[in-house]
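User: Could you walk me through a few features of this structure, one question at a time?

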Amino acid sequence: MFNFLKGVVSGSGTGLKDLPYNIGEPYSSAWGSWIHYRGISKDDGTPVSIFALSGNSTNDGHLAAGRNGVKRLRTVRHPNILSFLHSTEAENFDGSTTKVTIYIVTEPVMPLSEKLKELGLKGTQRDEYYAWGLHRIAKAVSFLNNDCKLVHGNVCLASVVVTQTLDWKLHAFDILSEFDGHNESSVGPMLQYDWLIGAQYKPMELLKSDWTMIRRSPPWSIDSWGLGCLIYELFSGTKLSTTEELRNTASIPKSLLPDYQRLLSSMPPRRLNSSKLLENSEYFQNKLVETIQFMEILNLKDSVEKDTFFRKLPNLAEQLPREIVLKKLLPLLASALEFGSAAAPALTALLKMGSWLSTDEFSVKVLPTIIKLFASNDRSIRVGLLQHIDQYGESLSAKIVDEQVYAHVATGFSDTSAFLRELTLKSMLVLAPKLSHRTISGSLLKYLSKLQVDEEPAIRTNTTILLGNIAGYLNEGTRKRVLINALTVRALRDTFAPARAAGIMALSATSSYYDVTEIATRILPNIVVFTIDPDSDVQSKAFQAVDQFLQLVKQHHEKTSTGDTSTTSMGTSSIPGNGSLLGWAMSSLTLKGGKSSEQGPYAPASSSMPPTSAVTDSKSIADSSSIAPIHVSSGIDMTDQPVPVSPTSNDGWGELENGIQGLDGDKDGWDDIEPQEEPKPSPFLANIQAAQRRPVSQPKPQVTGLRGSITPKVSKNEDEDLWGSVPASAPAQPSTTRASRTVDDDDPWGAISAPAPTSKPLNVRKSGALDDNDPWAAIAAPVPTTKARPSVGRGRGNKPTVPKLGAHKINRTSSGM
């Protein structure tokens, strides 16, 4: 029974063999007779601290005080008091003597004196760190004295330890006692074990053992004296040896000197309460203390305060002690972001602090938080992650990217915000090398297929650039199916000149992946056309590409003539100006005032125009998707130029909805497509042929958009209305799309026929108002003031249509008129 009660009082465990921790090397200093060891958990290897106190018998005074300390440390909990984990008491028999040892296991800490030497802080940074540490110890003492009515009895430098996050914590509770001025036995442990306190740390009433005076004094009087001793040892850098040394105030900061003198008052009732020390001292008002306090009560702050604080934090962190920022602020910031209490700007501060860590430390302290943030639904967080992906992308392992990160990032491909779609696209330059072939071919290429016909022209351009950049990570079969078709059928037929230029550059950059047959039959015929492109930059790129591919064909011819069957590739180094060949073209966000990025200059490496930088303000996310793009007019009839088409494919191009109306997936879009055009008939004959075919086909919405390209004079409002219903990426005419195959299958010239002068006959036909006995009505001249989108039921001419009158008649009959 006695052993059971002793185990309850002294701690948990029955002996050293049952201690689930390994004892390591000791520190050079500790409080009293305790020895402070480093330790490691046997279960998971986490570090701990182990304090050991030995005595020759169970009745040893040190052991009795130690058992009081174990009990107090286990029951008193506070953020600034050392955290208790485990304790045990072991007996060792050495011949005729018995040695008893008490073990206390706590969180990993280090003696304050040793930690200060290790940090080596100087000047302002030292004073700020000392102020923060004293602030913590003062809060712990105030908690004991004012809230718990307990007296520590020996606050000094040795009774303070430092955690791995550089927090100061109070321990050494061997003489901790209850205080009650009306109860003579309330200071029993202190009365019994006051001999454990050094004479230099005792106030006059305790040195004289004037217990009557002690009971009449406030509960904080003894510990306030101890705080004064701690302040002296801290700033003097030496251990207090005599009480008279406390009069030497040369090393005490002037802002702290008045409070220091009040803490060491010779009259116990006049000593400064530690709670008043926290409230009144100007010494604790510095950047480090205020920053850490704000982070610790972050949940109580409103969104405006958080946003302001985190925007200033990156610059503020540079002014604070680096060790404290990395070991204290960084964990607080990571935790706040992980649990959602921090605002999006905190991510910038987190990454800046993380850049000061080594690679291994970054992977342990920062990377897990970033990986969890990818699952966040907060758009501003997602934008911040994608904008700074180049800072941490290399630290992500291929397994983590493929299994945890990519699935969350891929949601941005379909986001309604053009800004977020663009950032997601650009992030693939970092993430794609870490993706598996299955993910690339089964998911990524499908998203890129959709983005290549995006309504934002710059996104289409950057998608082509990305394809050129990640071509090396595709397997040979995928490259055969995707590259040529994606870069010629779509990129080279885009109405946006920079997109065509990007297609030509991407073909040049991936020249090593094509055999001579593909170059001669599929690449050169498509590129040569653009040597007469209306855009000068496209022309120059086309001439360079033609020279490069012709040189490859010549080299192949020379090798075959000499009997050498090996293949060579020039690569892109021979193209002038292609040093940054596959850099991003521009931002996809529309400019302020309703101007689209399609109006901005294209700036590849050889262009003299600077590239438009991406807008980083996350507030523009909501605005970017609501501004209608303005289309570029090249100054000539666009029917003479190749237009983008959107074929479908089984390998990713076309399996997703591509956003273009009127496209049917009746054929594999990645079949070998011959883009060569036959000679164009006269416009008059082409108009007649198109009109004769049109009444027997269901019209497609794209036709309404063609009027703006052939009508000589169209107002600005009419032009915007004409293109309003057609995505910017595919202003394709029905005669060249797969949706109109029912019209063009019998006419080989239909693919290059000129569009009808107006789209109204189609709408009239849809309403049933066209007279089938009058075949010439379909090509009747349009009314000059007709809008681009005629309402249902309106005819081409000026006379009202019969169905409209009939409809009115039916309504009158049904209403009883």
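**An aromatic cluster and its surroundings**

Analyst: Happy to! Tyr129 and Trp168 are both buried, and please keep in mind that this is a predicted model.

User: What is the geometry of the ring pair formed by Tyr129 and Trp168?

Analyst: The ring centres of Tyr129 and Trp168 lie 5.7 Å apart, and the planes meet at 85°. Planes over 60 degrees apart count as edge-to-face. The Tyr129 and Trp168 pair is therefore edge-to-face.

User: How many residues apart are Tyr129 and Trp168?

Analyst: Tyr129 belongs to helix α4 (residues 123-147), while Trp168 sits in strand β9 (residues 168-170). The pair thus links distant parts of the chain, and its separation is 39 residues.

User: Which class does the aromatic pair of Tyr130 and Trp168 fall into?

Analyst: The centres of the Tyr130 and Trp168 rings are 6.4 Å apart, with 55° between the planes. Tyr130 lies in helix α4 and Trp168 in strand β9, so this pair ties together parts that are 38 residues apart in sequence. Both Tyr130 and Trp168 are buried. As for the class, the pair is tilted.

User: Which residues do ring pairs link into a cluster?

Analyst: The structure holds ten aromatic pairs. Ring pairs build a cluster whose members are Tyr129, Tyr130, Trp132, Trp168, Phe235, Tyr283 and Phe284.

User: How far apart are the end C-alpha atoms of helix α20, and what span should its residues give?

Analyst: Helix α20 (residues 418-431) has 14 residues, which at 1.5 Å a residue should span 20 Å. The end C-alpha atoms agree with that, being apart by 20 Å.

User: Which residue caps the N-terminal end of α20?

Analyst: Of the 14 residues of α20, 13 are buried, so this helix is largely enclosed by the rest of the structure. At its N-terminal end, a side-chain oxygen lies 3.3 Å from the backbone nitrogen of Phe419. The residue providing that cap is Ser417.

User: Over which ring does the charged end of Arg322 sit?

Analyst: There are a couple of arginines to look at here. Arg38 lies over the face of Tyr27, at 3.9 Å from the ring centre. The charged end of Arg322 is 3.7 Å from the centre of its ring, which belongs to Trp356.

User: Is Arg460 buried or exposed?

Analyst: Arg460 is found in helix α22 (residues 457-470). Its side chain joins that of Asp494 through a polar contact of 2.7 Å. Buried means under 20% relative accessible area. At 1% relative accessibility, Arg460 counts as buried.

User: What is the relative accessible area of Gln387?

Analyst: Gln387 has its place in helix α17 (residues 379-387). The C-alpha atoms of Gln387 and Thr348 are separated by 9.8 Å, with the two residues 39 residues apart along the chain. Gln387 is partly exposed, and its relative accessible area is 24%.

Note on methods. Residues are numbered from 1 along each chain as its sequence is written. This is a predicted model: local features need pLDDT of at least 70, side-chain atom pairs count only at pLDDT 80 or more; totals for chains, interfaces and linings use all residues. Side-chain values use heavy atoms; hydrogens and water are left out. Helices (H or I, at least four residues) and strands (E, at least two) are DSSP runs, numbered from the N terminus. The expected span of a helix is 1.5 Å times one less than its number of residues. Buried means under 20% relative accessible area, exposed over 50%, partly exposed in between (1.4 Å probe, protein chains only). A polar contact is a pair of N or O atoms within 3.5 Å; within protein, one must be able to donate a hydrogen and the other to accept it, and residues adjacent in sequence count only if both atoms are side-chain atoms. Rings of Phe, Tyr and Trp (its six-membered ring) pair if their centres lie within 6.5 Å; planes under 30 degrees apart count as stacked, over 60 as edge-to-face and the rest as tilted. A charge sits over a ring if NZ of Lys or CZ of Arg is within 6 Å of the ring centre and within 35 degrees of the ring normal.
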